[in-house]
Every structure is written in C-alpha cells, then in structure tokens.
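Thank you all for making time this morning. I would like to walk you through the charged pairs in this protein first, and then turn to one of its strands.

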Amino acid sequence: MKIRLMVLDVDGVLTDGRLYYTDQGETLKAFHVHDGLGIKVAQANGIDIAVISARDSGPLVKRLDDLGVKHRYLGCKDKQQAFRELLQAVQVPAEEVAYVGDDVIDLGVMRQVGFPIAVNNAQGMVKAIARHRTQLNGGEGAVREAIDFILRQQMGLEKAYRNFM
C-alpha cells in the first residue's frame with residue numbers, strides 16, 4: 001500500500017456529525033485535537049491532505065487554515081466531480097488515495113480510491129465497502145487513527161513521528 005493523498009469528509013469524520021446553531025444561526029463545530037496533529041504528521045511524511053465536504057462554514061475554513069490544508073472543496077454537491085478535479089490538480093493516481101467517509105454521499109468517491117476507510121460509526125453501506133474501519137467514531141480521533149494505520153504500514157509509526165518532530 002502506497003498512499004500519497006488522504007481525502008477527508010468533514011461532518012461525521014472530522015466532527016462527530018452534530019451541528020450546533022447559535023441564536024444568530026451560526027453553525028458551531030468541534031474538532032478533535034488528535035486529528036489535527038495526525039494531519040500535521042501525515043503532511044510531514046509526504047501524505048497530502050484534502051477535504052471534500054457538502055457543507056461550508058467559517059469554523060471549518062479556520063480549522064483547515066490552521067492545519068495548512070490547501071486542497072478543499074467546500075459546499076460541494078458533487079463529490080465525485082470534486083474528486084476528479086482534485087486528482088488533476090495533485091497528479092496522484094486514485095490507487096494512491098485514501099478516503100475517510102461516514103455516509104452514503106461518500107460512497108461514489110470511496111469506490112474510486114485505492115484505500116477507502118470508514119469511521120466506526122459510519123453508515124452500514126459505507127462500512128461494507130471500506131477496506132479499513134477505525135475503532136474510533138468520527139470526531140473522536142478517527143482521522144488520527146486512520147493516519148497512524150497508514151503510516152505504520154508505509155514506514156513504521158516511530159519513524160513517522162520522528163520525521164514530524
């Protein structure tokens with residue numbers, strides 16, 4: 001397995017899937033710090049990170065800015081089209097892509113990548129096509145767990161974290 005690009009869904013993967021609204025209608029999201037560090041470790045070890053999300057929000061943009069995630073397709077109605085555009089932009093074959101998803105909107109892209117991953121609390125149809133399933137739920141460090149799994153296979157986890165430090 002050689003993964004050079006990891007694509008993430010957001011709601012239900014980087015978050016626990018719950019949406020909080022303020023009285024003013026603003027959406028609040030919570031992101032797990034472990035996922036953020038995992039993304040930084042992946043980037044330090046040559047795995048590019050991209051996000052394809054059906055939703056767009058200020059908190060999400062801020063989090064992606066903080067993590068240095070450059071490839072982002074937000075408010076995306078057609079995830080497969082976004083994925084095709086992403087592959088063209090980064091020049092990575094689909095076989096070298098991992099995708100972490102949780103719901104049926106992710107299935108089209110998950111069927112195209114070399115390594116589809118489902119978070120533990122993903123919908124059954126997503127779990128059925130995943131080559132790997134995290135033990136953690138979305139929003140609870142599942143992305144970090146998936147990144148650690150890939151890095152362990154590709155180079156060993158100790159070496160990956162040494163490269164990061």
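Let me begin with a definition: a residue is called buried when its relative accessible area is under 20%, exposed when it is over 50%, and partly exposed in between, using a 1.4 Å probe and protein chains only. What you see is a predicted model, in which local features need pLDDT of at least 70 and side-chain atom pairs count only at pLDDT 80 or more, while totals for chains, interfaces and linings use all residues. Residues are numbered from 1 along each chain as its sequence is written, and side-chain values use heavy atoms, with hydrogens and water left out.

Now to the charged pairs. Side chains of opposite charge can pair when their charged atoms come close. A salt bridge here is a side-chain nitrogen of Lys or Arg within 4 Å of a carboxyl oxygen of Asp or Glu, and searching the whole structure gives 10 of them.

One of these links R72 to D65, with an N to O distance of 2.8 Å. How accessible is R72? R72 has 26% relative accessibility and therefore counts as partly exposed, and D65, at 46%, counts as partly exposed as well. Another salt bridge joins R18 and D16, whose closest N and O atoms are 2.7 Å apart, and D16 is partly exposed because its relative accessibility is 30%.

A further example sits within a helix, where helices are DSSP runs of H or I with at least four residues, strands are DSSP runs of E with at least two, and both are numbered from the N terminus. In helix α7, which spans residues 157–164, E158 and R162 lie four residues apart, about one turn of the helix; their side chains form a salt bridge at 3.7 Å, N to O, and both residues are exposed.

Let me turn to strand β6, residues 97–101, which is mostly covered, since five of its five residues are buried. In a regular strand the side chains alternate between the two faces of the sheet. In β6, V97, Y99 and G101 point one way and A98 and V100 the other, and all are buried.

Which strands pair with β6, taking pairing to require at least two DSSP bridges between two strands? Strand β1, residues 5–8, pairs with β6 in the parallel sense over four bridges, and there L8 has V100 as its bridge partner. Strand β7, residues 115–118, also runs parallel to β6 and is joined to it by four bridges, with Y99 standing opposite P116.

Note on methods: Two strands pair if DSSP finds at least two bridges between them.
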